[in-house]
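Trainee: I would like to learn how to read a structure like this one. Can we go through it feature by feature?

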Amino acid sequence: MQIAIIGLGKMGGSMARRLLKAGHDCVVFDRDAKTREALAKDGATAAASTSELVGLLEKPRLVWLMLPAGEPTASKVHELAGLLEAGDIIIDGGNSFYKDDIQRAGSLAEKGIRYVDCGTSGGVWGVERGYCMMIGGPKDAVDHLDPIFAALAPGLGDIARTPNRKSGDTRAERGYIHAGPSGAGHFVKMVHNGIEYGLMQAYAEGFDILRNKDSEDLPEAERYELNLPDIAEVWRRGSVVSSWLLDLAASALAKDPRLATFSGFVQDSGEGRWTVEAAIEEAVPAEVITSALYARFRSRKDHTFGEKMLSAMRFGFGGHVEGQEPIDPQPKPASGQAQAKTTRAA
């Protein structure tokens, strides 16, 4: 199947390579010529401009965007709207705000262009282990794209099937779902990222408590100098708090038990904020996610060991560099969906 990918950064380029490996035909564009040329060496067809890219595509044209949310995505969708025709499909695989998806889908529908929003999780490891995808948009467009989604997804892997699951649709078990109409995919991914904030904050606070157990403010008999790398490692083995995030934390601690290479400055992608806003609109109490978001705000003024842990996990799954020297995020997670306990983060 032929598909174009615009935006060949940490995830876009890896997604193109995964599709090429599965036998799909990829036409690619990025502002950076070297990035385009690297994909061309791997078998993609590189275009020097968006208009050239569109001209290389067979109808119906399929164009997948992997660009930063906001103006970069909005301007590219606007440009494509003037180049594509009725029946063509634009897929936004970034982290756009779901209300923007609703507006874009309506505007493009007036021209007969179909719009699909795809919340994509998998980070820098997706090229090998696959991407978890939450998809919104018209059924005919999503169905047409199914071979693409199936190739990008992890597949069944070796995770045990959920007991008593009666749904005949195996897409969720293979790592992707059609969540609903326009905006639904990015809405589900938005909440996914909000949950991720809370999980990461719990790990960060827990390890901060462990690290400070040798504080001089405590009675001497109650002070412990705990081995954090060993604690993280043992929790990975059969504990109810095991997850991919813990794997990443354990890897960072094994390399640098004091996380000295991390600043503790923790950025937020925007989706945590949107999740809190949605909770307010729905009158849903979301104390943990809200507190985790505020903790990231505070981290930009003063840094704790827990915030270094947050930064280490963000680097591990997404390659986010926040004022520290890069580390090797080993051990590499298992391919496919190797553990039912794995927490996907993006």
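Trainee: Is arginine 161 buried or exposed?

Mentor: This is a predicted model, so take every value as computed from it. A residue counts as exposed when its relative accessible area is over 50%. Arginine 161 has 61% relative accessibility, so it counts as exposed.

Trainee: Which residue does arginine 161 meet in a salt bridge?

Mentor: Start with the general idea. Side chains of opposite charge can pair when their charged atoms come close. Here, arginine 161 meets glutamate 173, at 2.6 Å from N to O. Arginine 161 sits in the loop between helix 8 (146–152) and helix 9 (171–174), and glutamate 173 sits in helix 9. The two are 12 residues apart, and the pair links distant parts of the chain.

Trainee: And is glutamate 173 buried or exposed?

Mentor: Buried means under 20%. Glutamate 173 has 15% relative accessibility, so it counts as buried.

Trainee: How many salt bridges are there by this rule?

Mentor: The count comes to 18 salt bridges. Take the one between aspartate 140 and arginine 114, where the closest N and O atoms are 3.2 Å apart. Aspartate 140 belongs to helix 7 (residues 139–144) and arginine 114 to strand 6 (residues 114–121), so the pair ties together parts 26 residues apart in sequence. Aspartate 140 is partly exposed at 44%. Arginine 114, at 19%, counts as buried.

Trainee: What about arginine 61: which residue is its salt-bridge partner?

Mentor: Arginine 61 pairs with glutamate 85, and their closest N and O atoms are 3.9 Å apart. Arginine 61 is in the loop between helix 3 and strand 4, while glutamate 85 is in the loop between helix 4 (71–81) and strand 5 (89–92), so the pair ties together parts that are 24 residues apart in sequence. Arginine 61 is buried, with 10% relative accessibility. Glutamate 85 is partly exposed, at 37%.

Trainee: Which residues are linked in a network of salt bridges?

Mentor: Look for bridges that link up. Lys59, Arg61, Glu85 and Asp88 form such a network.

Trainee: Now the backbone. What kind of peptide bond joins lysine 59 and proline 60?

Mentor: Read the omega angle. Between lysine 59 and proline 60, omega is about -5°, and the bond is cis. Proline 60 lies in the loop between helix 3 (50–55) and strand 4 (62–65).

Trainee: And phi? What is the phi of leucine 259?

Mentor: Leucine 259 has a positive phi of about 50°, although it is not a glycine. Leucine 259 is in the loop between helix 12 (244–255) and helix 13 (271–282). Its relative accessible area is 0%, so leucine 259 is buried.

Trainee: Where is alanine 283, and what is its phi?

Mentor: Alanine 283 lies in the loop between helix 13 and helix 14 (287–299). Its phi is near 55°, a positive value in a residue other than glycine. Alanine 283 is exposed, with a relative accessible area of 67%.

Trainee: Let us turn to contacts. What does arginine 314 touch?

Mentor: Set aside residues up to four places away in sequence. Arginine 314 then touches Met200, Val266, Gln267, Arg296, Gly319, His320 and Glu322. Arginine 314 lies in helix 15 (residues 305–318). At 8% relative accessibility, arginine 314 counts as buried.

Trainee: Which residues is proline 147 in contact with?

Mentor: Leaving aside neighbours within four places in sequence, proline 147 contacts Met1 and His24. Proline 147 is in helix 8. Proline 147 counts as partly exposed, at 39%.

Trainee: Last, distance. How many Å apart are proline 147 and valine 234 in space?

Mentor: Compare sequence with space. Proline 147 and valine 234 are 40 Å apart, C-alpha to C-alpha, and 87 residues apart in sequence. For serine 251 and serine 75, the values are 39 Å and 176 residues. Serine 251 is in helix 12. At 6% relative accessibility, serine 251 counts as buried.

How values were computed. Residues numbered from 1 in each chain as written. Predicted model: local features only at pLDDT ≥ 70, side-chain atom pairs only at ≥ 80, totals over all residues. Heavy atoms only, no water. Helix = DSSP H or I, 4+ residues; strand = E, 2+ residues; numbered from the N terminus. Buried < 20%, exposed > 50% of the residue type's maximum accessible area, 1.4 Å probe, protein only. Contact = heavy atoms within 4.5 Å. Salt bridge = Lys/Arg side-chain N within 4 Å of Asp/Glu carboxyl O.
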